[in-house]
Amino acid sequence: MSIECIAMILAGGQGKRLSGLTKDNSKPAIPFAGKYKIIDFTLTNCAHSNLNIIGILTQYQPLKLNSHIGNGSPWGYNSNSDGIFVLPPHSSHDSCEWYKGTANAIYQNMNFIDQYNPKYVVILSGDHVYKMDYSKLIDFHKQKGGAATIATISVPTADAHRFGIIEANNFNEITNFVEKPNIPRSNLASMGVYVFTTEILKRYLMLDENNTHSKHDFGKNIIPAMMQNNERLYAYNFDGYWKDVGTINSYYEANMDALNPDSQLNIDDENWKIYTRTEARIPQIIYKNAKVNNSFVTENTTVRGIVENSIVSPYVSIEPDVVIKNSIIHNNVIIEKGCIIEDSIISEGAHIGKNCHIGNTFVETPEFYDEYIDNGLTLVSPNVFICDDVVIGKNSVVSNDITNMPNDIGGVAIDKTSTRSSNVC
Amino acid sequence: MLDALGVIFPFNDTINLSELNEQRTIAGLPIGGRYRLIDFIISNMVNCGINNISLVTNKKYQSMLNHLGAGDDFGLNRKGHSFNIIPPYASSGEISDVSLLSNAIRVTEKFTNKYVIISNSNSIYNFNFADLIEFYEAKNADIALLAPDNSGNIITNTKGKVVDLNSDFNFFAILIERNLFHELLAHAKTLGATDFIADVLVKNFEHLDIYHYLYEKFYSTIDSVKKYFDFNMSLLDEKIRLKVFENNVYTKSKDCPPTRYAEGADVQNCLIADGCFIDGKVKNSIIFRGVKIGSKVDINNCIIMQDTIIQDNVKLENIILDKQVVIRKGQKLVGQASYPVVVAKKAVV
């Protein structure tokens, strides 16, 4: 069996900078824009690009990701000529190890690639939000005839130090590649989207595997090694929307971009529908006295309060006298009466008791400060229960249940008029 | 798993729902924001463990083919499960109930299940068919009739055996042994009978033990525009909604984005599907997938089906808008709650 090109999606990273969001879930399976998971964008791209064979490399907390992907039918990958294959680390005849890095993950699945004997391999990430036709990238690669093509995007100069920065000549040939440079010499960033000519990729993966000093990473090792050996690498300029949602801030921004009708992301595009797994759900119910503006709401959610400039996922219950502003509410969240939620991300399965105020500007809750959140957002981690009348300030992460009136937690402001907390908690 | 095959049959294809069933069967009526009427019946069967279901169609079955396909969305496209659409074999003219049902035999004879459950296609009810089988066996019946209270239209003797049926009686389903089903139909065909109820059941009361299983929970039978309108509106009542959606109701999934509520949205007491854009005032209404509602719009008590577009400054009250309708800027359409106005599919007003 031989096909021209297969796609390998890297979906095993922990996503530490997403803090509590990835407590029991991998980055690619985090809810996005109400009804999607982050990996839907990459899988949708593959489907629209007519890539028939997809390998998904998983490692960290893969259960939710696995069940989301299932047999691949939501993306059209359940026919007999194509398929999505989840590839966890596995033991072999003489070794047993985790994926040591992105390059090693592909190396360990070389047999999978060889089954299809593809001329080209596309390497993708499961945690990027973008709409891209990979077939154009592959055509470009074929036309240039290089060892590899790296998709690039122009980034603001101020952000360039966070990316692999590329310099290319007038023929798009890459002349310099530096991973996360202190002083960037261009603003052309690698998107972490690569096409490799399979034979050359295999050679470099084997060399890299034998190099004990290597971190086994595409950006840090494979690409620099190819540059060093004067392989011809090309830059393919992509000018659509693209965001690596590796931090709480970029995750929040990408969601808000999806919500913005003028954003280039445009998830409503009829010609590039975003595919995802959907269940049998009843429509959303907007009750009398509810008010919903500039927001996304999805099926099987009930709204009895006010929702403004926010994203609400399925199976959410928003009770009366609740105000939700500039926030992202994930699946299966309950927000009880009288709560105010501002600039917050409330993760899957969280339950917020009555009259809580999450994301309050006027209190500081340093005991909830988190090294990964510093931009005025507040995060409630998955399945956390917060009892009545709790106030949480900005830049905070609530990772554990709050089941008592938090007298013993210094700094949490308490609504002194309330006496009900002990009954509920 | 139930030892029964499901057959959904359009006993009431002659009901007139104005423009609503001009291009579709009653079973294909869009309902409840994202469903078609038939979804409730198929889901109910699937939820009871009926794994092989057929839909007998007569006319206008194109929308059913699109909507149901091989039954994937109902979990029926897998080994040991099946979903079949049985189109009419005759090429023209009126086709009798008996000959349509006989077509179903081509499917039912392939299985070995003991029973066949023949369900009507225009009622919404939640019922565990295992109870009907238990009843059937306890009564040692030939046929068990699942029907709600019929105010005297189903006449039984002291033993509960059905001895007569008035022509407009309302029933949900018939349980019959598969072999007897085949035998009755073969016999009816030989005699040139046409109507299954009148010619096969009613004429055989003496030879058949037919028992009425009284259904007493919530149901709705859609047999008029008003009933259709009222059932949809009743879903805004939480108590009724919980009854209707007591068990999963499956339907064709679509790749819609979430519904976008814009700056000018003022939505209250509504059931809204995904993929909509709303920038106006919408009250007490059922909005299907992909509906676009412009700014300064005022909608009250309406049912708006899939992909309909309401441009700016429109006022609508007590209106049923079929799929892909366009209501142009500034239009005002007002119906009566007792007599909602229907705007036909793809109309431009």
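**Helix packing, sheets and the chain interface**

Q: At what angle do helices H6 and H7 of chain A pack?
A: In this predicted model, helix H6 (residues 198-209) and helix H7 (residues 218-228) of chain A pack at an angle of about 115°, with their axes 10 Å apart. Axes are lines fitted to C-alpha atoms, for helices over the stretch in contact, and angles run from 0 to 180 degrees between N-to-C directions. That makes H6(A) roughly perpendicular to H7(A) (under 35 degrees is roughly parallel, over 145 roughly antiparallel, 65 to 115 roughly perpendicular, the rest oblique). Helices (H or I, at least four residues) and strands (E, at least two) are DSSP runs, numbered from the N terminus.

Q: Which residues meet there?
A: From H6(A), A:Ile200, A:Leu201, A:Tyr204, A:Leu205 and A:Asp208 meet A:Phe218, A:Asn221, A:Ile222, A:Ala225 and A:Met226 of H7(A); contact means heavy atoms within 4.5 Å. They divide into 8 nonpolar, 1 polar and 1 charged (Ala, Val, Leu, Ile, Met, Phe, Trp, Tyr, Cys and Pro count as nonpolar, Asp, Glu, Lys and Arg as charged, the others, Gly among them, as polar).

Q: Before moving on, what are the ground rules for numbering and confidence?
A: Residues are numbered from 1 along each chain as its sequence is written, and chains are lettered from A and ligands numbered from 1 in the order in which they are written. Local features need pLDDT of at least 70 and side-chain atom pairs count only at pLDDT 80 or more, while totals for chains, interfaces and linings use all residues; side-chain values use heavy atoms, with hydrogens and water left out.

Q: Now the sheets: what is the strand order in the open sheet of 6 strands?
A: The order is E15-E18-E21-E24-E27-E30 in chain A, with parallel pairing; two strands pair if DSSP finds at least two bridges between them. Strands E15 (291-293) and E30 (391-393) each have a single partner strand, so one side of each is left without a neighbour in the sheet.

Q: How many bridges join E15(A) and E18(A)?
A: E15(A) and E18(A) (residues 306-308) pair over 3 bridges, and A:Asn293 stands opposite A:Glu308.

Q: And how much area do the two chains bury?
A: Chain B and chain A bury about 2,700 Å² between them, 44% of it on carbon and sulfur atoms. Buried area is the accessible area (1.4 Å probe) that two parts lose on being put together, summed over both. B:Asp255, B:Arg260 and B:Tyr261 supply 26% of the area that chain B buries against chain A, more than any other three residues.
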